[in-house]
Amino acid sequence: MRIRPVATGVTAALMGLSALILSPSAAHAATEGHRTVVFAHRGASAYAPENTLASIDAAHRLGIDWVENDVQRTKDGELVILHDNSLARTTDVEQVFPDRAPWNVSDFTLNEIEKLDAGSWFGQKFEGERVPTMEAYMDEVEHNGQKLLMELKSPELYPGIELQTLVELRREGWLSKSHVKRRLVIQSFNADAIKTVHFFRSDVKTGFLGNPTVADLPKYAEYCDQINPNHNAVTRDYVSAVHGLKGPHGRALEVHTWTVDDGARAVKVAEMGVDGIITNKPDVVRDALAGASD
């Protein structure tokens, strides 16, 4: 179901909904054993247009459980799944609305965005693929039995999006005990956004995108379960430092690194001890890791 908080006064409106989702802290299950988990970045985005239903379906066909996405908000307050702040790279918005540069998501209503083709840029067979609403996206992930690493994209542009996202997750059944325990992580480059998520739903697993200094890691451990750096920043010592701290659920912090599409590199960062690898080519990474363990 959709909710429509407008930009003006959105934070106040959403705060009124906080009672619906507040919960006490809860212990969280460890990431699946000790194996390195593979995440399909924006879906299986090497094989289908990123952040579309086709991309998560492609990941499903490859047997990939975890998908990653990006959440933003339209001009009329709807949550949609798109990576860039602008619609230009992954849709035909420049042709449909030629006078609306720079074509930012926040300048278009959902109705306008739903007119756009989000697939043809990737390949003719994806013509007509749309920018999905968060509601439609969550329905497809649920239908596929997949798990979700959800990124709040540029939350500083969308006041109140943290709570709005939690409300939508709750409406879609994704804040149930089983989903929260095994199937959902919320991450962001914006530490304040993650703090906000943790404040409203301390049971939800969270991740910070970046590589804080080792000295600063204890501060992040107060509200983050994961530290998720670019793979170029990963070292064995850094992973050990992260693992040496316990997060808000009393378990060792995890490290999930991005974006690794090369099998040899995937094996190397896995050997450094990372808990997960985010990749556009999840089958390549999975097979490389499986081969290295034989």
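Trainee: Is Phe122 buried, partly exposed or exposed?
Mentor: Phe122 has 28% relative accessibility, so it counts as partly exposed. Buried means under 20% relative accessible area, exposed over 50%, and partly exposed in between, with a 1.4 Å probe and protein chains only. This is a predicted model, where local features need pLDDT of at least 70 and side-chain atom pairs count only at pLDDT 80 or more, while totals for chains, interfaces and linings use all residues. Residues are numbered from 1 along each chain as its sequence is written, and side-chain values use heavy atoms, with hydrogens and water left out.

Trainee: And Phe126, buried or exposed?
Mentor: Buried, because its relative accessibility is 12%.

Trainee: How many aromatic pairs are there in the whole structure?
Mentor: The search finds 8. Rings of Phe, Tyr and Trp (its six-membered ring) pair if their centres lie within 6.5 Å; planes under 30 degrees apart count as stacked, over 60 as edge-to-face and the rest as tilted.

Trainee: What kind of pair do Phe122 and Phe126 make?
Mentor: Their ring centres are 5.7 Å apart and the planes sit at 75°, so the pair is edge-to-face.

Trainee: What about Phe208 and Tyr220?
Mentor: That pair is tilted, because the planes are at 40°, with the centres 4.7 Å apart. Phe208 lies in strand E6 (residues 205-209) and Tyr220 in helix H9 (residues 217-220), so the pair ties together parts 12 residues apart in sequence. Helices (H or I, at least four residues) and strands (E, at least two) are DSSP runs, numbered from the N terminus. Both Phe208 and Tyr220 are buried.

Trainee: New topic. How do H11 and H12 pack?
Mentor: H11 (residues 263-271) and H12 (residues 282-293) pack at about 60°, with their axes 8 Å apart. Axes are lines fitted to C-alpha atoms, for helices over the stretch in contact, and angles run from 0 to 180 degrees between N-to-C directions. H11 and H12 are therefore oblique to each other. Under 35 degrees counts as roughly parallel, over 145 as roughly antiparallel, 65 to 115 as roughly perpendicular, and the rest as oblique.

Trainee: Which residues make the contact?
Mentor: On H11, Gly263, Ala266, Val267 and Ala270; on H12, Val284, Val285, Ala288, Leu289 and Ala292. Contact means heavy atoms within 4.5 Å.

Trainee: Last one. How many residues of H6 are buried?
Mentor: In H6 (residues 161-171), 9 of the 11 residues are buried, so the helix is largely enclosed by the rest of the structure. Among them are Glu162 and Glu168. Gly173 follows H6, with a positive phi near 85°.
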